[in-house]
Amino acid sequence: MSHYQQDDVITNLSDNEHFQEVVDRALANPARRNVLRGGVGLAAASTLPLLASCGGGGDAVASTGTGVAPLQQASALTFNAVAKSIADDVMLPPGYTYQVLHATGDRINTSIPAYSNLGTEADDWAQRIGDHHDGMDIFFIDSAGRATREDTGRAMLAVNHESSADAHFFHPRGQTTGGVNGKKFSQFGGWDLLDRPVDEVLKEINHHGVSLVEIVRGTDGRWSVDLASSRNRRVTAQTLMRINGPAAHINDIRRFMVTRFDTTGVSSRGTLNNCGHGTTPWGTYLACEENWAFYFNMPKGSNPVSPREQASRARYGVPSAPIPMAATSSTSQGWFTASRGDDRFDRWDLSAAGAAADGSQDFRNEANTFGYNVEIDPLDPRSLPRKRVAMGRFAHEAAVVGIPVAGQPLAFYMGCDSQNEYVYKFVTAANWDPADFGRGLVAGDKYLDEGKLYVAKFNDTGRGEWIELTIADTRIQNYSTYVFANQADVFVNARHAATAVGATKMDRPEWGAVNPVNGDVYFTMTNNSSRNIGNTDAANPRAYAGSNGSTGSGNPNGHIIRLKEDGTRATATAFQWDIFLFGAPAAAPANLSGLSENNDFSSPDGLWFSKKTGICWIQTDDGAFTGSTNCMLLAALPGKVGDGQAMTVNNTLGGTEAQQTFIGAALGDAKLRRFLVGPKGCEITGITETPDGKAIFVNIQHPGERTAALGMAADFTFQSTWPAGSASSGNYGPAGSLRPRSATIVIRRTDGGVIGAE
């Protein structure tokens, strides 16, 4: 199972309404029906303006209390659009250049050898850059070693490492098992149910997590990793973590975390599948745990767990019964098989092996320790990362903070990345105090352990509401699918709680981003192969077969949705929404946003706003467009929620269906352009910048992902050889090896100007 296929697993089998149902109610109301009526084709927009925001203020954003002046968005993009490309390289506009900062396997200190890129390294991966580079951010350091917002030319770079689904490049001949004749894994990591070698499993465990390295800008403007820095470290799937939550519920929370490793439930080990990320106003990093359920197993002959635990696991895609025997399996990496009796590997076996019902003699509760936002202090290598349980447990895909306002609570926006899952918000109990900047995890304890967790519901007027997830809600108390014991249970089983209160099903909410100009909140909806006539809705209005270079059906090209909080307040319990952009080939009937050859795209995933220019950077993780182009990075100059129109979409996938929705104002080539196209088989994901906007950091994830299993042949056929085989990258890497690697690149203008806009 490839890492993106894991996102497609559907565990929300509830009958909660889709947007179509709420819009249908609106159509039954004559006053609303006249507003919602629109055009006559798939791309037809009505001339009626989008419903005005109710109860909200204007677009002005209050003083942030961060010491940073309010942003003025750039007026124009200043680069020529990059053409689509299937070349095995990073393609940029004229006048731009890039360097590789670091790649998978690079050492983070000088105590170990340089990387061979031959798969021969064994036990030192906790001191090397991990794999599948994803979300990242930069944290500047002053001359006294303290956090600063000023660009000092010295910083810590934190990079997430998402997956080991394509780990065959890190072993000499690809992933194997201990079976007869060294039986091989399938092309994309499918495990054949035989025992795994210890050294291979340790590599895979340790290249997960987060890399934190000190970087320095040279006099020539190029950045490099300082291998002598004492701050360099890896946070892996084995790193000790602390379980944190609200004081009133922490003891109940820790009962869910009891394992043979820590019978008190105070601590756990490791972080997995860190995809999107977040940063805090006080200067720490949030490494969000996404597809963590994939790593656990119930092997043949396992003792059963309780029916209540089975119901909990089912909602998260965690095994609650022995996996079926088969020639191959895509259910896991098989880590638990490496060495029985060794806690490093036994922890991935969720069987109820011990006699103690609380789980203190086995690892039946191990999966409960994953699915959180993990807070890390990038400047303090001695600090213990915190799992912030109050922010809810689900498939976290980024956690983005709203614009901080001194003296008011903070809001963190989060998506749950699976089909038919929900959008969440966490609002801090504490009011923001700018004096907390630089206080590390002490500030994190103040803001992220106490607060309210909400889930989004969309109503029938283009408006929405936030519903608090609290045990005091009778819908949660009386929920029959899973019986909640207390508020701790609500946090740990947040998906069940969100279903109980009637949250609105969404299509794979991936990265979120907050527009620093006006506070609008954006979420990518990457794609949905299960969309069809009869189950579209206003937020996911298309059901079509790919055309004009796009494959797949349902909603193969994805879209970006956005919302505006009433009054732009963190504590708002209501909002307005519209759809910012629809992905599609330029010539396709499904091209609702009027895209051209200069800006058409598919499957938006990563999403980030520049605080220098206001550019909304859009990154893709696509399988539908790959016949005509590799994945890409686009730059957009957005407007605001409500700047567009009501629209009717006429779908024709196995039937006909008229679907109402709301769309933002068209951007055209002037405000939306393709900036970068990556090498073959990659995903473009993760982006940050220097405060002056003159350098951006971008991650190239899993180039060559579709390379077949390596096997015993003398020569391998790689889908990609980037960055080693690319002249523009400086043929980065050790001589003699062309195995592709994930990497972080730094992009600059050759004239030293601001990236992308003015």
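User: In this predicted model, is F675 buried or exposed?

Analyst: The cut-off for buried is under 20% relative accessible area. F675 has a relative accessible area of 0%, so F675 is buried.

User: Which residue pairs with F675, and is the pair stacked or edge-to-face?

Analyst: The rings of F675 and Y96 have centres 5.1 Å apart, with their planes at 85°. Planes over 60 degrees apart count as edge-to-face. The partner is therefore Y96, and the pair is edge-to-face.

User: How many residues apart are Y96 and F675?

Analyst: Y96 belongs to strand β2, residues 96–103, while F675 belongs to strand β33, residues 672–677. The pair thus links distant parts of the chain, and the separation is 579 residues.

User: Is Y96 buried or exposed?

Analyst: Y96 has a relative accessible area of 11%. The limit for buried is under 20%, so Y96 is buried.

User: What is the angle between the planes of Y482 and F484?

Analyst: Y482 and F484 form an edge-to-face aromatic pair, 5.1 Å centre to centre. Y482 is buried at 2% relative accessibility, and F484 is buried at 8%. The angle between the planes is 80°.

User: Which residue lies over the face of F437?

Analyst: A charge counts as over a ring when, among other conditions, it is within 6 Å of the ring centre. The residue over F437 is at 4.0 Å from the ring centre. That residue is R149.

Definitions and conventions
Residues are numbered from 1 along each chain as its sequence is written. This is a predicted model: local features need pLDDT of at least 70, side-chain atom pairs count only at pLDDT 80 or more; totals for chains, interfaces and linings use all residues. Side-chain values use heavy atoms; hydrogens and water are left out. Rings of Phe, Tyr and Trp (its six-membered ring) pair if their centres lie within 6.5 Å; planes under 30 degrees apart count as stacked, over 60 as edge-to-face and the rest as tilted. Helices (H or I, at least four residues) and strands (E, at least two) are DSSP runs, numbered from the N terminus. Buried means under 20% relative accessible area, exposed over 50%, partly exposed in between (1.4 Å probe, protein chains only). A charge sits over a ring if NZ of Lys or CZ of Arg is within 6 Å of the ring centre and within 35 degrees of the ring normal.
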